[in-house]
Amino acid sequence: MRFRIGRPTNPPAHTEGTAPRAAPSQAAAGGEPATAEPPLSAHETALIRASVSVVEPFAADMTVYFYAILFTRYPEVRPMFPPGMDAQRGRLLRALLRIVDLVDDPESLVRFCGHLGRDHRKFGTLSAHFPAVGECLLASLARYAGPAWTADTAAAWTKAYGVVADVMISAAEQDEAQRPAVWPAKVVHKVQRGHGIAEVTVRPHVPYPYVAGQYVSLETPWWPKSWRYYSPANAPRPDGTLTFHVRAVAGGSVSDALVHRSAVGDVVQLGAPMGDMVLDAAVHRDLLCVAGGTGLAPIRAIVEEVARRGGRHKVDLFLGARTGAELYGVDDMLRMAQQYHWLSIRGAVSHEYIPGIRGSLPQVLAEYGPWYQHDVFLSGPAPMVVSASETLTRHGTQPERIHHDPFETPVLSAP
């Protein structure tokens with residue numbers, strides 16, 4: 001395997017958790033091979049994980065140092081990043097940790113890095129940009145690993161990131177031949193729903209192909225380079241529009257701008273659709289859908305897709321919130337249940353005594369189960385998703401039949 005670390009002839013661009021490019025590997029179409037050999041030996045994997053355990057207590061400082069030396073050595077890249085770097089540093093750290101988790105699982109590693117490579121196209125990342133990032137990452141790891149950073153450890157990390165870079169580049173190059181990196185989209189409708197939630201509908205300038213249940217990265221004109229992830233709340237429509245349910249969160253610059261500042265006529269940018277929480281992942285006829293808060297968006301899209309396919313699935317939908325006022329979207333879903341005989345709706349609140357079901361969604365699921373003959377789609381706050389998944393697994397649902405998006409920044413985390 002060939003690899004190199006050094007200054008590229010072209011300026012590096014926005015990359016996260018990437019490194020020098022290796023020689024072409026077994027990456028197939030889309031950067032995801034049918035079979036894969038472990039890229040590292042057991043000894044190399046052990047060296048990498050041992051060094052991570054050493055630097056992990058200093059992870060936050062290490063990512064600050066990484067970007068400091070990247071911008072010092074390659075100042076031309078700074079304009080490609082958002083002004084505020086806190087979220088960016090978190091993404092880098094999650095990507096690094098995820099890669100380490102998968103280093104001895106080659107198929108999952110290639111799949112994850114393929115997603116990274118395709119997603120990075122919206123930043124303008126090119127193959128010539130990877131060596132600079134690899135150089136700065138290894139320098140950062142070496143600084144914070146201290147005496148634990150041996151020649152063998154450095155060689156193992158260099159080899160691993162050579163594989164990562166190769167897969168990312170292959171995935172990006174193949175994706176470039178098939179679709180744009182970004183889609184400009186005009187805001188054509190906006191409705192305030194209360195409790196800091198707005199429904200924002202956009203129409204891409206060119207067709208935007210996606211599947212119900214997927215999620216989309218979105219950039220606003222007020223916060224350039226700051227991309228946030230939202231799930232369309234609708235299955236694909238004939239007019240090509242997408243509706244996003246956005247909640248303004250404390251300190252959330254992008255969400256606040258979308259809820260309180262955006263208006264009809266504004267233009268946002270969409271990244272490529274991602275995610276595997278789609279109807280085609282189901283093998284059972286019966287579906288259990290569970291949504292907390294604005295996590296209803298992808299679930300609503302999946303329900304619409306079931307309707308588009310003629311209602312071939314029976315859908316049990318549970319909506320959860322802390323209070324009745326926060327039980328978002330229930331009226332809309334009840335109207336759909338009146339229209340479709342195969343759809344049943346139950347709402348549950350956990351922190352208020354009102355008529356109806358009381359309790360957290362995991363508690364309610366345990367009460368109304370079992371669900372072992374269902375495919376399960378979960379969407380909402382990460383603690384709810386984790387707890388619901390554990391509850392369902394304890395009561396007999398196979399883990400592979402539980403579908404949900406990754407947490408936090410989707411492409412940089414794992415279910």
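## Cavities and helix packing in a predicted model

Three cavities of 30 Å³ or more are counted in this predicted model, where a cavity is a set of points on a 1 Å grid over the protein atoms alone at which a 1.4 Å probe fits but cannot get out. Local features need pLDDT of at least 70 and side-chain atom pairs count only at pLDDT 80 or more, whereas totals for chains, interfaces and linings use all residues. Residues are numbered from 1 along each chain as its sequence is written, and side-chain values use heavy atoms, with hydrogens and water left out.

The largest cavity holds about 100 Å³ of space, a volume being the space filled by probe spheres set on the points, which are joined across faces, edges and corners. Its lining, meaning residues with an atom within 4 Å of a point, consists of Val52, Val55, Glu56, Ala59, Met62, Leu93, Leu96, Leu97, Val100, Leu141 and Trp157. By class, 10 of these residues are nonpolar, none is polar and one is charged; here Ala, Val, Leu, Ile, Met, Phe, Trp, Tyr, Cys and Pro count as nonpolar, Asp, Glu, Lys and Arg as charged, and the others, Gly among them, as polar. Helix 1 (42-55), helix 2 (59-73) and helix 3 (86-101) each supply at least two lining residues, and the largest share, four residues, comes from helix 3. Helices (H or I, at least four residues) and strands (E, at least two) are DSSP runs numbered from the N terminus.

A crossing is left-handed if the near helix is turned anticlockwise from the far one by less than a right angle, and right-handed if clockwise.

| Helix pair | Axis separation | Angle | Crossing |
|---|---|---|---|
| Helix 2 and helix 3 | 10 Å apart | about 110° | right-handed |
| Helix 1 and helix 3 | within 10 Å | roughly 145° | left-handed |
| Helix 10 and helix 11 | within 8 Å | roughly 20° | right-handed |

Helix 2 and helix 3 are therefore roughly perpendicular to each other, on a scale where angles under 35 degrees count as roughly parallel, over 145 as roughly antiparallel, 65 to 115 as roughly perpendicular and the rest as oblique. Their contact (heavy atoms within 4.5 Å) is made by Ala59, Met62, Thr63, Val64, Phe66 and Tyr67 of helix 2 and Gln88, Arg89, Leu92, Leu93 and Leu96 of helix 3, a set of eight nonpolar, two polar and one charged residues.

Ile48, Arg49 and Val52 in helix 1 meet Leu97, Val100 and Asp101 in helix 3, and this contact comprises four nonpolar, no polar and two charged residues.

Leu361, Pro362, Leu365 and Ala366 of helix 10 contact Met384, Ser387, Ala388, Thr391 and Leu392 of helix 11, with seven nonpolar, two polar and no charged residues.

Trp222 lies in the loop between strand 3 (216-219) and strand 4 (227-230). Leaving aside residues up to four places away in sequence, Trp222 touches Ala257, Arg261, Ser262 and Asp266.

Technical notes
On a 1 Å grid over the protein atoms alone, a cavity is a set of points where a 1.4 Å probe fits but cannot get out, and a pocket is an open set with protein on both sides within 12 Å along at least five of seven lines; lining residues have an atom within 4 Å of a point. Axes are lines fitted to C-alpha atoms, for helices over the stretch in contact, and angles run from 0 to 180 degrees between N-to-C directions.
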